[in-house]
Amino acid sequence: MNLLLVPEIQGEYRWPAGTREHDFLRRLGGEEVRVGVVGGPRGIARLLSSGGNEVVLGDLRWEPENRAPRAVPFRLWVGLPRPSEARRILWHAGSFGVEGVGFLSLERTPPGYARSGSLEEAATFLREGAEQGFHTRVPEFLGVWDLGEWCAVAGRADSAIGLDPYRGEKLLGEEGERGEAGRKELLFGGERGWTPGELEQLAAAGVTWRHLGGAILRSEAAVVSGLTLALRARGHLDQARAAQLEF
C-alpha cells in the first residue's frame with residue numbers, strides 16, 4: 001500500500017482495532033503517512049497515536065486538487081478468467097486507474113467462474129490497486145456481461161478496440177492518439193480465446209482489431225501489456241510527476 005485512501009477530507013482520522021487501516025498503520029515504520037481522498041487530492045498525515053485500541057492520523061497537508069493525476073479514459077472488458085486471475089486483473093485495473101472494468105461470459109467460459117465469490121469483493125481489489133498505484137481514481141466495477149448484451153449497448157462496439165493476435169493487423173497504440181482517438185473500450189478475450197462466432201459477432205458490431213505482439217499471453221499479462229501500450233499512445237506515461245507529492 002503506497003497510499004491510504006479515505007472517503008473525505010477531515011482534520012483527523014481514527015481507526016479502531018480490527019480494521020484494515022489499524023493493522024496497516026500499526027506496522028508502519030515512521031510517522032508520516034501518505035493519504036488520498038477517493039476521487040480527490042492526496043496529502044501527508046502524521047501518525048499521532050498507535051497505542052491502545054485505535055490509531056490516529058492528524059496534522060494533514062493536502063496537494064492542490066489540480067495536481068491529481070489525469071483520468072485514464074479506458075474501460076476494460078476481459079473474458080472472465082479463473083477467480084484467482086480475475087482478482088489480479090481487478091487489482092491491476094485499480095493500479096492503472098482506468099474508468100471501469102468488467103468481465104464477459106463467453107462461449108468457452110466455464111460456468112463456475114461467474115459464480116465465484118471473489119467477484120463480490122471486486123470493489124476491494126480495485127481500491128487496493130489504486131492504493132498501490134498511488135492515485136485516488138478507484139475504477140467502477142462494471143459486472144459480468146454476456147457478449148450479446150455487451151454488443152447491444154448503442155455505440156459501445158464502435159468505440160472498442162479488440163485484442164486478437166490473428167485479427168489485429170497493427171500493434172495496439174502504433175498509430176498514436178490520433179489513430180485511435182475516441183476509442184474508450186479495450187476488449188480482451190478469455191483464457192481459451194475467442195470462438196469464430198464471437199469474432200464474427202464483434203466484427204459485425206464494429207469493433208476495431210489490434211494485437212499485442214507475437215506472444216500469446218494469459219489474460220493478466222495481456223491486460224497489463226495492453227494498458228501500457230494504450231496509455232503510452234495517449235501520452236499518459238510521458239511523465240513520472242504523478243508519482244510524487246507536491247505542495
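View 1. Helices here are DSSP runs of H or I with at least four residues, strands are runs of E with at least two, and both are numbered from the N terminus. The model is predicted, so local features need pLDDT of at least 70 and side-chain atom pairs count only at pLDDT 80 or more, while totals for chains, interfaces and linings use all residues. Residues are numbered from 1 along each chain as its sequence is written, and side-chain values use heavy atoms, leaving out hydrogens and water.

**View 2. Helix α2 and its surroundings.** The 14 residues of α2 (83-96) reach 20 Å from the first C-alpha to the last, close to the expected 20 Å (1.5 Å times one less than the number of residues). Among the buried residues of α2 are Glu85, Ile89, His92 and Phe96 (buried: under 20% relative accessible area, 1.4 Å probe, protein chains only). The cover over the buried residues of α2 includes β6, β7, α4, β8 and α8 (contact: heavy atoms within 4.5 Å).

**View 3. The open sheet.** Six strands lie in the order β8-β7-β6-β10-β9-β11, with parallel pairing (two strands pair if DSSP finds at least two bridges between them). At the edges, β8 and β11 each pair on one side only. From one strand to the next, the twist averages 25° (axes are lines fitted to C-alpha atoms, for helices over the stretch in contact; angles run from 0 to 180 degrees between N-to-C directions).

**View 4. Strands β9 and β11.** Strand β9 (160-163) runs parallel to β11 and is joined to it by 3 bridges. Leu163 stands opposite Arg210 of β11.

Notes: Buried means under 20% relative accessible area, exposed over 50%, partly exposed in between (1.4 Å probe, protein chains only).
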